[in-house]
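Here are a few notes to read alongside the model. Have a look at the structure first, then work through the points.

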Amino acid sequence: MEREIVAALGEGEPDEIMSSAFNLKVTREDIHTLRKLCWLNDEVINFYMALVVERSKKGGYPSVHAFSSLFYEKLACGGYKTVARLTRRVDVFRKDIILVPVNLSLHWTLAVIDMRKKTIKYFDSLGQEGDKICETLLKFLQEESREKRNVELNVSEWTLHSMEPHEIPQQSNGSDCGVFTCKYADYISRDKAMTFTQIHTYFREKMVWEILHQELL
């Protein structure tokens, strides 16, 4: 395993396809964002989220849908009409968990819609609040319900919450936000308590293997 990871992180053609699945491709250049102290790019984030969704199809896991890293930006900038077509083939209200990776220019965070508990939570490894993001996603659900189900969503039943720094693992450097975003998704999609910390530096190498083999360990 280690030799394979070292080879993937080593020198080679930047545009070499290292993994291809879920209508997504990850190149060597993309994999290199998993080198220490590098910021993860959209391709790695989206591929990892797709792996989480794929695992959820197995028995014993909550049903999961993950939006792409461009979803929230489009929604926030252009409103519901710019993202309505993205749910043509999925009924989000039939899923247990909706993962929404959020790219804040130079920082990755994660918003999570839990249909079972009727909650929208915001996970930021730097401890910043994301109340506006949660509100935007609740408004999306309202419009989605109205458009796709012809049902008015009762917003009074929903709870929005930005996770406090003491509630979730926090990064202690300036580059691991993408890794934390992926690990949040990993644990949440299994209904597991978050027991990882910054000291688990092997996560980057583990993610390289998982992307290469298209399977979560």
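1. A quick word on classes before we start: Ala, Val, Leu, Ile, Met, Phe, Trp, Tyr, Cys and Pro count as nonpolar, Asp, Glu, Lys and Arg as charged, and the others, Gly among them, as polar. On that basis, the lining of the second largest pocket divides into eight nonpolar residues, one polar and seven charged. Keep in mind that this is a predicted model.

2. Staying with that second largest pocket, its volume is about 310 Å³. It is lined by 16 residues, and Asp114, Lys117, Lys121, Phe123 and Ile188 lie nearest its centre. Two or more lining residues come from each of β5 (108-114), β6 (119-123) and α6 (177-188), with β6 giving the most, three residues.

3. Now the largest pocket, with a volume of about 800 Å³. Its lining has 18 residues, and those nearest the centre are Phe22, Asn23, His65, Ala66 and Ser68. The elements that give two or more residues here are α3 and β3 (64-66); α3 has the largest share, five residues. By class, you'll find nine nonpolar, four polar and five charged residues in this lining.

4. Helix α3 turns up again in a helix pair. How do the axes of α3 and α7 cross? Helix α3 (residues 42-56) and helix α7 (residues 203-213) have axes that come within 10 Å and cross at roughly 70°, which means α3 is roughly perpendicular to α7. The crossing is left-handed.

5. As for who touches whom, Val44, Phe47, Tyr48 and Leu51 of α3 meet Met207, Glu210 and Ile211 of α7. Six residues of this contact are nonpolar, none is polar and one is charged.

Technical notes. Residues are numbered from 1 along each chain as its sequence is written. This is a predicted model: local features need pLDDT of at least 70, side-chain atom pairs count only at pLDDT 80 or more; totals for chains, interfaces and linings use all residues. Side-chain values use heavy atoms; hydrogens and water are left out. Axes are lines fitted to C-alpha atoms, for helices over the stretch in contact, and angles run from 0 to 180 degrees between N-to-C directions. Helices (H or I, at least four residues) and strands (E, at least two) are DSSP runs, numbered from the N terminus. Angles under 35 degrees count as roughly parallel, over 145 as roughly antiparallel, 65 to 115 as roughly perpendicular and the rest as oblique. A crossing is left-handed if the near helix is turned anticlockwise from the far one by less than a right angle, and right-handed if clockwise. Contact means heavy atoms within 4.5 Å. On a 1 Å grid over the protein atoms alone, a cavity is a set of points where a 1.4 Å probe fits but cannot get out, and a pocket is an open set with protein on both sides within 12 Å along at least five of seven lines; lining residues have an atom within 4 Å of a point. Grid points are joined across faces, edges and corners, and a volume is the space filled by probe spheres set on the points.
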